[in-house]
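Subject: The structure we talked about

Hi,

Here is the structure I promised to pass on.

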Amino acid sequence: MERFDAIVVGAGPAGSTTAHRLASAGARVLLVDKARFPRDKPCGGGLTIRAVRQLPVSPDPVVEHVVDRMGMRLRYGSRFERGGRPLVLMTQRIRLDQYLVEQAVAAGAEFRDGARVADVRAGESDVGMTVDGSPVEAAFLVAADGVNGTTRKALRLGGDYVLGVAFEGNVAKELVGDRFDGLAEIELGTIPGGYGWVFPKGDHVNVGVGGWESEGPALRDHLRVLCRAYGIDEESVEGLRGHRLPMRPAGSVAARGRALLVGDAAGLVDPLSGDGMYEAFVSSRLAAETITDFLEGRVQSLDGYTEKLSNALALGTAASWGAKIAFDRYPRLTFALGRAPLAWGPIERLIRGDIEHPGAQRGPSRIGLKLIERLAKAAGDPGAGYRAEARTA
């Protein structure tokens with residue numbers, strides 16, 4: 001029977017970077033995925049600078065476009081634009097995921113794609129499963145197979161996630177010209193629990209809409225309206241597809257015994273942006289550190305991993321939930337606060353990773369954020385549980 005130090009199920013960004021970090025630390029790692037690579041995934045394809053700072057490798061070989069400006073508009077009316085420094089590196093999942101797998105393999109991980117995983121078990125001293133019918137064992141298991149993966153369910157970790165949905169497609173750049181070069185357009189206040197977007201890539205732009213799971217049946221119509229508002233022929237949008245966005249509840253458990261969750265499998269999508277790349281890379285770093293500490297005798301369990309996630313992400317999640325609900329309940333007032341001259345500084349610093357969460361901002365720029373926080377509390381204070389989690393972590 002084959003045996004590894006760790007098995008990582010799912011070769012998306014979270015899984016591949018976890019495998020890369022573990023292999024780089026000297027662990028024998030098996031990385032498996034049910035799909036044949038290269039394969040694509042529905043995703044806006046943006047890497048914020050703060051997400052890039054969490055990567056163990058440079059993404060430069062797969063970057064297609066650099067966004068240094070953001071345009072934000074409310075209900076296809078009032079609009080403002082901010083920027084000046086690189087904010088988001090644009091890529092495509094078919095390129096990014098393949099590249100990160102290759103880097104994991106170069107670091108020493110063994111990769112098996114098109115592999116069927118079944119009979120997952122996690123004991124107190126080891127884990128096991130079958131891969132294409134053959135038994136495989138390891139000291140640790142990392143579930144990285146996303147919101148629809150079966151590994152998390154087999155492990156009974158994470159809990160019931162709140163779900164959002166997104167629907168997106170691509171338009172050839174020759175049909176839209178260069179008007180979106182360097183510019184990410186965000187349309188607010190039109191979709192409950194979400195927004196619309198236009199993101200520039202290499203030879204195309206990505207257009208999409210997202211919101212609460214209940215908005216799923218209406219997303220196609222929302223996308224038509226978005227395209228018309230931005231002068232895009234809706235018939236020119238290709239590769240239309242939807243996907244779910246998992247958001248963990250406060251207090252969810254991400255590790256037990258010899259197994260843990262990373263990325264979307266852990267419900268680590270930001271409630272406000274719908275982006276999970278930063279959270280995926282943070283969780284992969286913390287997961288690899290925790291497993292390496294165990295292998296090298298510095299800790300005796302993986303239990304501290306959940307606390308590490310809370311320390312790293314809970315305050316940011318609390319702020320994102322607050323802003324999300326404030327936009328839903330008080331869109332015009334929240335938008336007005338967001339466009340105030342002092343508001344852009346904290347937003348830019350957050351996107352670039354200069355601060356970990358909005359609460360870390362100091363000085364006069366914090367005034368607008370505090371007012372949005374008050375709106376969120378008036379709307380039910382959805383971030384309260386995450387703040388409490390951070391205090392006890």
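Predicted model: local features only at pLDDT ≥ 70, side-chain atom pairs only at ≥ 80, totals over all residues.

**The eight-stranded sheet**

I'd begin with the open sheet of eight strands, whose order is β3-β5-β4-β11-β12-β13-β10-β14. The pairing in it is mixed. At the two edges you'll find β3 (46-48) and β14 (238-247), each of which pairs on one side only. If you ignore direction, neighbouring strands here are turned by 30° against each other on average.

Within this sheet, have a look at β4 (residues 65-74) and β5 (residues 79-90). These two run antiparallel and are joined by eight bridges. To find your place, pick Val66, whose bridge partner in β5 is Leu89.

Which strands does helix α8 lie across? Helix α8 (residues 304-329) lies across β10 (162-172), β11 (183-188), β13 (204-212) and β14. Its direction is at about 85° to β13. Helix α10 (residues 344-352) lies across another set of strands, namely β3, β4 and β5. Relative to β5, helix α10 runs at about 15°.

**The strands around β1**

Strand β1 pairs with β9 in the parallel sense, over seven bridges. In that pairing, Ile7 has Leu141 of β9 as its bridge partner. Strand β1 also pairs with β2 (residues 29-32), again in the parallel sense, over four bridges.

*α1 and α3.* The axes of α1 (residues 13-24) and α3 (residues 93-107) come within 8 Å and cross at roughly 15°. That angle makes the two helices roughly parallel, and their crossing is left-handed. On the α1 side, the residues in contact are Pro13, Ser16, Thr17, Ala19, His20, Ala23 and Ser24. They meet Arg93, Leu96, Asp97, Leu100, Val101, Gln103, Ala104 and Ala107 of α3. Sorted by class, this contact has eight nonpolar, five polar and two charged residues.

*α8 and α12.* Helix α8 turns up again here, with α12 (residues 384-392). Their axes come within 8 Å and cross at roughly 160°, so α8 and α12 are roughly antiparallel. The crossing is left-handed. From α8, the contact uses Ser310, Asn311, Ala314, Leu315, Thr317, Ala318 and Trp321, and these meet Tyr386, Arg387, Glu389 and Ala390 in α12. By class that comes to six nonpolar, three polar and two charged residues.

*α9 and α11.* For α9 (residues 331-338) and α11 (residues 366-378), the axes come within 9 Å, with a crossing angle of roughly 165°. These helices are therefore roughly antiparallel to each other, and α9 passes α11 in a left-handed crossing. The contact involves Leu333, Thr334 and Leu337 from α9, plus Gly368, Leu371, Ile372 and Leu375 from α11. What classes of residue make up this contact? Five are nonpolar and two are polar, with no charged residues.

**An aromatic pair worth a look**

There are six aromatic pairs in the structure. One of them is Phe140 with Phe294, an edge-to-face pair at 5.0 Å centre to centre, with 65° between the planes. This pair links distant parts of the chain, with Phe140 in β9 (residues 134-143) and Phe294 in helix α7 (residues 277-295), 154 residues apart.

**Two backbone details**

Most residues other than glycine have a negative phi, and most peptide bonds are trans. Two spots here go the other way. The peptide bond from Phe37 to Pro38 is cis, with omega near 0°, and Pro38 is found in the loop between β2 and β3. Then there's Arg75, as promised: its phi is positive, near 50°.

Have a click through and tell me what you think.

Cheers

Note on methods: Residues numbered from 1 in each chain as written. Heavy atoms only, no water. Pairing = 2+ DSSP bridges. Axes fitted to C-alpha atoms, helices over the stretch in contact; angles between N-to-C directions. Contact = heavy atoms within 4.5 Å. Parallel < 35°, antiparallel > 145°, perpendicular 65-115°, else oblique. Left-handed = near helix turned anticlockwise from the far one by under 90°. Nonpolar A, V, L, I, M, F, W, Y, C, P; charged D, E, K, R; others polar. Phe/Tyr/Trp six-rings, centres within 6.5 Å; stacked < 30°, edge-to-face > 60°.
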